[in-house]
Amino acid sequence: MAVTVKTFASATEAAGALSSDRTARYLGGGTLVMRALNEGDVSISTVVRAQDQALTRIDASGPRITLGAGVTFARVLAERDLGFLHGPARSIGGPAVRNMGTVGGNLFAPNPYGDFTVALLALDATVAVAGGFGARDIPIEAFLQARDRQAGTLVLSVSCTRPASTEAFRYRKIARIKPKGGSVITLAAYLPISGGRIAGARIALGSMAPTQIRARAAERALEGRSLDAATIAAAASAATEGTTPSDNALGSAWYRREIVGVHLRRLLSGQE
Amino acid sequence: MSKIPLQFRHNGHDVAIFVDGGTNLLVALRELIGDMTPKFGCGQGGCGTCSVLVDGELHLSCLTLAETVAGRSIETLDGMKQGPNLHPLQRAFADNFAAQCGYCTPGMLMAAKALLDRNPRPSRDEVIEAISGNICRCTGYEPIINAILAAAGGRASA
C-alpha cells in the first residue's frame with residue numbers, strides 16, 4: 001500500500017506533522033518503520049522524515065554526552081570518546097543494521113531488540129522530545145513507561161553523564177546466535193563506587209518486561225555495600241523481582257527468569 | 001496517489017524512475033530498474049541478502065525507503081564484475097565453493113566488498129564480523145569466510 005512521505009528540513013516541522021496525524025510514523029534509519037511497511041502494516045499511512053543536521057549531531061567532548069536521535073550505531077562505534085557505549089552498539093545487528101539503525105529509533109524497538117536503550121536506562125539518560133506542545137526533556141525511565149503513548153512525539157536527542165570509569169558501567173547481552181542475534185536478555189549496570197561502597201547503583205534489564213526496566217530490588221541489594229560475593233549474590237537473587245518476561249522464539253519467560261540472576265552475578269563479578 | 005520522481009546513481013550510471021510512496025529500495029531496484037541481483041529474503045533486516053552499498057556504506061535495501069537515496073550512489077552485485085572478468089571476490093567465491101544455492105551470495109559479496117574497500121587485509125574475526133548480518137542456510141559459513149580471506153590475501157584456496 002502506498003503511503004504519503006513527508007520530508008521536512010527541520011525537526012520542529014516534522015514534530016508538528018507527527019503530532020497532528022495519528023497515522024504518521026517517523027522514519028529514522030528504517031529498521032522499524034520500513035519493516036512494518038514491508039509486513040503490510042496498514043496503520044501507517046504517512047511517513048514523516050526530517051533532514052535536520054541537529055538530529056545527527058554527537059557531542060561527546062565533555063562529562064555529559066548528547067547523541068542526536070538520528071545518530072547511527074556505526075557512528076557511535078566510530079567515536080573514540082564514546083568508548084563506554086561501544087559494547088552496546090556493537091551488540092546490535094550486523095554492519096548494515098548498525099549503518100542504518102539509530103539511537104532514537106532504538107528507544108522504540110520492541111523485544112527482542114532495543115539493547116542500546118538498556119544501556120541508556122542504566123545510565124539514566126534524558127530523552128529530549130518535541131511534540132505539538134513544544135520541546136521538553138523526559139527521564140528515560142518515564143519515557144519508556146509511557147512508550148505506547150509516545151507515537152506523536154519526535155525524539156530529538158538523548159543525553160547522559162559519562163561513567164567515571166570503565167568499571168562503573170557494564171553491559172552484557174545474551175543471544176543465541178553468535179556473534180549476533182536478538183536478545184534473550186540484556187543487562188546493563190551503572191556502579192559508582194565511593195569510599196569502597198556502591199552509591200547510586202542502577203541495573204537495567206532488556207527482554208524482562210514489555211519495555212526495558214530497572215531492577216530496583218537488585219539495586220537496593222547493592223546500595224551502600226562493597227561489591228563482594230555476598231552482595232553480588234543478594235543482588236542476583238533479587239534480579240527477577242518486578243520482572244514480567246514473555247515467551248518468544250528465543251526463550252521462554254521461565255528460562256529468562258532462571259538465567260537473569262546468573263548473568264547479573266557474572267556481570268557484577270566481572271566475569272566474561 | 002501520484003508517483004514520486006527519483007534519481008540516483010546505480011552502479012555508476014544515472015537512473016531516473018517514478019516510485020510509489022513507501023516503496024523500498026529493493027523493489028525499486030528489482031522491479032523498476034531490472035537489477036535482480038539484490039534478493040528479497042526476510043523483509044525484516046534479519047537475513048542480509050538484499051544488501052547494497054549506499055555511498056559505499058552497507059545498507060539493507062529492503063529497509064531503505066527508496067526516496068532517501070535521491071542523488072546518492074548505489075552499488076549492487078550487478079556492478080561488481082569488471083567488464084568480462086569476475087571481481088576477485090566473485091572469483092574467490094567460485095574457487096572456494098562459497099555459493100551452493102546462491103541466494104545469500106549477493107548480500108555476502110556486498111558485505112565482503114564493504115569490508116575490503118575499507119580494510120583490504122582483514123583478520124578472520126573481522127571477516128566474521130563483516131558478514132554477521134548475513135544468513136546462509138546451505139553453503140555454511142566456513143567456505144564463505146575462506147573465500148573472503150582468499151580474495152583479500154590472494155591466499156591458496158581452502
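Colleague: Let us take it that two strands pair if DSSP finds at least two bridges between them. In β4(B), what is the bridge partner of V54(B)?

Modeller: The partner of V54(B) in β4(B) is E57(B). This is a predicted model, in which local features need pLDDT of at least 70 and side-chain atom pairs count only at pLDDT 80 or more, while totals for chains, interfaces and linings use all residues. Residues are numbered from 1 along each chain as its sequence is written, and chains are lettered from A and ligands numbered from 1 in the order in which they are written.

Colleague: How many bridges join β3 to β4 in chain B, and do they run parallel or antiparallel?

Modeller: Strand β3 of chain B (residues 51-54) is joined to β4(B) by four bridges, and the two run antiparallel. Strands (E, at least two residues) and helices (H or I, at least four) are DSSP runs, numbered from the N terminus.

Colleague: Which residue takes a positive phi in that hairpin?

Modeller: D55(B) does, near 50°, in a hairpin with two residues between its strands.

Colleague: Where does the largest share of the side of chain B that touches chain A come from?

Modeller: The contact takes 22 residues from chain A and 27 residues from chain B, where two residues are in contact if their C-beta atoms, placed from the backbone, lie within 7 Å. On the chain B side, β4 (57-60), α3 (105-118) and α4 (124-130) each supply at least two residues. The largest share, four residues, belongs to β4(B).

Colleague: Changing topic, which residues of α1 in chain A are buried?

Modeller: In α1(A), residues 11-19, the buried ones are A11(A), A14(A), A15(A), A17(A) and L18(A). A residue is buried if 20 or more other C-beta atoms lie within 10 Å of its own, exposed if 12 or fewer, and partly exposed in between, with C-beta atoms placed from the backbone.

Colleague: Why do they line one face of the helix?

Modeller: Viewed down the axis of α1(A), the buried residues fall within an arc of 165°, so they line one face; the arc is that of the directions from the helix axis to the C-beta atoms. They pack against β1, β2, β3, β6 and β8 of chain A.

Colleague: And why is β9 of chain A largely enclosed?

Modeller: Six of the seven residues of β9(A) (169-175) are buried, so the rest of the structure largely encloses this strand. Seven bridges join β9(A) to β10(A), residues 183-190, and these strands run antiparallel. K173(A) has T186(A) as its bridge partner in β10(A).
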